Amino acid sequence: MANQAPIQSARRPLLSSGYNDPNRYPHGVAYVDEQYVPMADAKVSVLDWGFLHSDATYDTVHVWNGRFFRLDLHLDRFFSGMQALRMDIGLSRDHVASILDNCVALSGHRSAYVEMICTRGMSPVFDRDPRRAVNRFMAFAVPYGSVANDEQMERGLHLAISDTVRIPPQSVDPAIKNYHWLDLVQGLYDAYDRGAETALVLDLDGNVAEGPGFNVFAINNGSLLTPDRGILPGITRKTVFELCSELHIRAAAGPLSVAALRDADEVLITSTAGGIMPVTRLDDRPIADGRVGPITRRLIDAYWQKHDDPAWTTPVNYDKA
Ligand SMILES: *Cc1c(COP(=O)(O)O)cnc(C)c1O
């Protein structure tokens, strides 16, 4: 396409070739029951409430070129989620950080998707009282993954608005990162049925909430707008606000109607899994002229530039491995 610079630019190298290799994926290292094990051996009891009742919280941070991105913010969110759910793993933040570092170092990945999980666990006698459960901590590092593949980063994603309504915040607090994904998975099937690549779900008021593991922004007349409720407040979403402030771009959080999204000049989604990603088609219509827009490109570029900034990153200590 005329005058469209490749979006990968210098900043976001192509995903590794092993990324789609079913024999290799996912190569990684997990920490389970106080041991480091290959991913294939990372197993959990079927009696764990994390599995039986989705009674768990988690967080995902990424490593790019050997550096964690915004690790402190992810640890903050993980620890506040555990506190809100009355879980206690008996480990300090520094201890959790060192376990994550060990998983990445042992995996050898320079770019990784790193997950930390706390499940309710189970009581030693399978008591029904959650207070008697022994909470379980685990973590793993696998290759970096993205909601959008390289081709979708170039041309923009095709999203569909699902008929499935997001679980209301009155029922499950979406600000605690959780595995209550039946609405989001149903949303994905709704999207696939319509030939789209991923989904957005609406809240009970009919406003846009979020998608499976990502937040959404509409850009209109140079200003960004993202939903302010019924969402997981993403760290990539927060990063977009900070980048906008540095770049003197207006950004706000507030109710985002479907009409405002359809009429946007540009749409982007944000997630640790892929960063800032362009959307160029919504249901059966292109967004504006159907091309990745200039503000989205600037933000993607600024986002990847920050990945060598010591203020926002923490180097992995590979030497001990
Ligand atoms: C993790 C997640 C996001 C994105 O959050 P980031 O911190 O940017 O990765 C958005 N929505 C849901 C439901 C999520 O689980």
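Where is the place of Leu-47: in which loop, between which strand and which helix? Leu-47 sits in the loop that runs between strand E2 (35-38) and helix H1 (49-53).

A word on the model first. This is a predicted model, with local features taken at pLDDT of at least 70, side-chain atom pairs counted only at pLDDT 80 or more, and totals for chains, interfaces and linings using all residues. Residues are numbered from 1 along each chain as its sequence is written, and side-chain values use heavy atoms, leaving out hydrogens and water.

**The patch around Leu-47**

Leu-47 counts as partly exposed because its relative accessibility is 34%; buried means under 20% relative accessible area, exposed means over 50%, and partly exposed is in between (1.4 Å probe, protein chains only). Together with Val-46, Phe-51, Leu-52 and Phe-126, Leu-47 forms a nonpolar patch on the surface, with about 470 Å² of accessible area in total. Patch members need over 30% relative accessible area and no salt bridge; nonpolar side chains (Val, Leu, Ile, Met, Phe, Trp, Tyr) are joined within 5 Å, and like charges within 9 Å. The areas come from the Shrake-Rupley method with a 1.4 Å probe, and for residues only the protein chains shown count as cover.

**Rings**

How many aromatic pairs are there? The count comes to 13, where rings of Phe, Tyr and Trp (its six-membered ring) pair if their centres lie within 6.5 Å, and planes under 30 degrees apart are stacked, over 60 edge-to-face and the rest tilted. Tyr-58 and Tyr-179 make a stacked pair, 4.2 Å centre to centre with 10° between the planes. Tyr-58 belongs to strand E3 (residues 56-64) and Tyr-179 to the loop between strand E7 (157-165) and helix H5 (182-193), so this pair ties together parts 121 residues apart in sequence. Tyr-58 is buried at 7% relative accessibility, while Tyr-179 is partly exposed at 27%.

Tyr-303 and Trp-304 go edge-to-face instead, at 5.1 Å centre to centre and 90° between the planes.

**Helix H3**

Helix H3 (residues 93-107) has 15 residues and reaches 21 Å from its first C-alpha to its last, close to the 21 Å expected at 1.5 Å a residue. That expected span is 1.5 Å times one less than the number of residues. Among the buried residues of H3 are Val-96, Ile-99, Leu-100, Cys-103 and Val-104, along with Asp-101 and Asn-102. Just after H3, Gly-108 takes a positive phi of about 80°.

**Salt bridges**

The structure holds 20 salt bridges, each a side-chain nitrogen of Lys or Arg within 4 Å of a carboxyl oxygen of Asp or Glu. Three of them look like this:

| Pair | N to O distance |
|---|---|
| Arg-194 and Asp-163 | 3.1 Å |
| Glu-242 and Lys-238 | 3.4 Å |
| Asp-283 and Arg-262 | 2.9 Å |

Asp-283, in the loop between strand E14 (275-282) and strand E15 (285-286), and Arg-262, in helix H7 (residues 258-262), are 21 residues apart, and their pair links distant parts of the chain. Asp-283 is buried at 17% relative accessible area, whereas Arg-262 is partly exposed at 28%.

Glu-242 and Lys-238 share helix H6 (residues 235-247), four residues apart, about one turn of the helix. An α-helix has 3.6 residues a turn, so residues three or four places apart point the same way. Glu-242 is partly exposed at 23%, and Lys-238 is partly exposed at 38%.

**The loop between E5 and E6**

Arg-128 is found in the loop between strand E5 (112-122) and strand E6 (134-143). Arg-128 is exposed, with a relative accessible area of 74%. Arg-128 and Trp-49 are 79 residues apart in sequence, yet 9.9 Å apart in space, C-alpha to C-alpha.

How values were computed:
Helices (H or I, at least four residues) and strands (E, at least two) are DSSP runs, numbered from the N terminus.
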